[in-house]
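Please look through the model below before reading on.

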Amino acid sequence: MPQNELQERIAILGGTFTPIHNGHRALLHKAFQTASHDGDGDGHVVVGLTSTQLATQTRSNRSHAELLGSFEARRDDLETELERLSGAYTASYEIIALEDTRGPAATRADVDALIASPEAKAQRRAHEVNQHRIASGLDPLEIHTPPFVVAEDGVRISSTRIRNGEIDVHGRILDDSEH
């Protein structure tokens, strides 16, 4: 096969993705936009789905990990969402199990960009990944950050707010009578 003049761009992101909400969709769209090229189907998105063990380790309240659902159920939901979103882009995608907080973004030389939430913790992790890459002799990743997606009340959408019954996955305020 002849060498393509466009180098395939690889964008990577990770998370628990449960329940999938409009904030997650913004991250996924940013990943596909970052990886996709005009023209033929170049680009690839790697989505690291947090393993159950890692989700338990990284929660400030470990009992919250039980609310996330099984890895398999989260993977199925994410696959459905990616299948729906990916049709608008040229990039392909894959889901991998994320077993540590840095994931393959810290070690894969072929990755170009890291998609990170605007949350301070996510931004800090993104910069730590780049520090690790530089220390390992790899080029730092581009860090792409979509803006927060806010609910009807102007407060950002989060999985915690959804699980607490404050809002739905689209950011609509739920009446007390609905939960």
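In this predicted model, Arg156 and Glu119 form a salt bridge through their side chains, with N and O 3.0 Å apart. Arg156 sits in the loop between β5 (142-144) and α5 (159-163), while Glu119 belongs to the loop between β4 and α4 (120-135), so the pair ties together parts that are 37 residues apart in sequence. Arg156 is partly exposed, at 30% relative accessibility. Glu119 is also partly exposed, with a relative accessible area of 33%.

A second salt bridge stays inside one helix. Arg75 pairs with Glu79, and their closest N and O atoms are 3.7 Å apart. Both residues belong to helix α3 (residues 71-86); because they are 4 residues apart there, about one helical turn separates them. Arg75 has a relative accessible area of 31% and is partly exposed; Glu79 is partly exposed as well, with a value of 29%.

Arg172 and Asp168 make a further salt bridge, at 2.7 Å from N to O. Asp168 is buried, with a relative accessible area of 16%, and the cut-off for buried is under 20%. Elsewhere, Arg25, Glu81 and Arg84 are linked in a network of salt bridges. The count of salt bridges in the model comes to 9.

The strands come next. Strand β1 (residues 10-15) has 5 of its 6 residues buried, so the rest of the structure largely encloses this strand. Which strands does β1 pair with? One partner is strand β2 (residues 44-50), which runs parallel to β1 and is joined to it by 6 bridges. Within that pairing, Gly14 has Gly48 in β2 as its bridge partner. Another partner is strand β4 (residues 113-115), paired with β1 in the parallel sense over 2 bridges. Here Ile12 stands opposite Leu114 in β4.

The protein contains 5 helices and 5 strands, and along the sequence they follow the pattern β-α-β-α-α-β-β-α-β-α. Among contacts in the protein with a separation of 6 or more, 69% are accounted for by residues 24 or more positions apart. Of the 179 residues, 42% count as buried. The protein exposes about 9,800 Å², of which carbon and sulfur atoms supply 48%.

Technical notes: Residues are numbered from 1 along each chain as its sequence is written. This is a predicted model: local features need pLDDT of at least 70, side-chain atom pairs count only at pLDDT 80 or more; totals for chains, interfaces and linings use all residues. Side-chain values use heavy atoms; hydrogens and water are left out. Buried means under 20% relative accessible area, exposed over 50%, partly exposed in between (1.4 Å probe, protein chains only). Contact means heavy atoms within 4.5 Å. Accessible areas come from the Shrake-Rupley method with a 1.4 Å probe; for residues, only the protein chains shown count as cover. Two strands pair if DSSP finds at least two bridges between them. A salt bridge is a side-chain nitrogen of Lys or Arg within 4 Å of a carboxyl oxygen of Asp or Glu.
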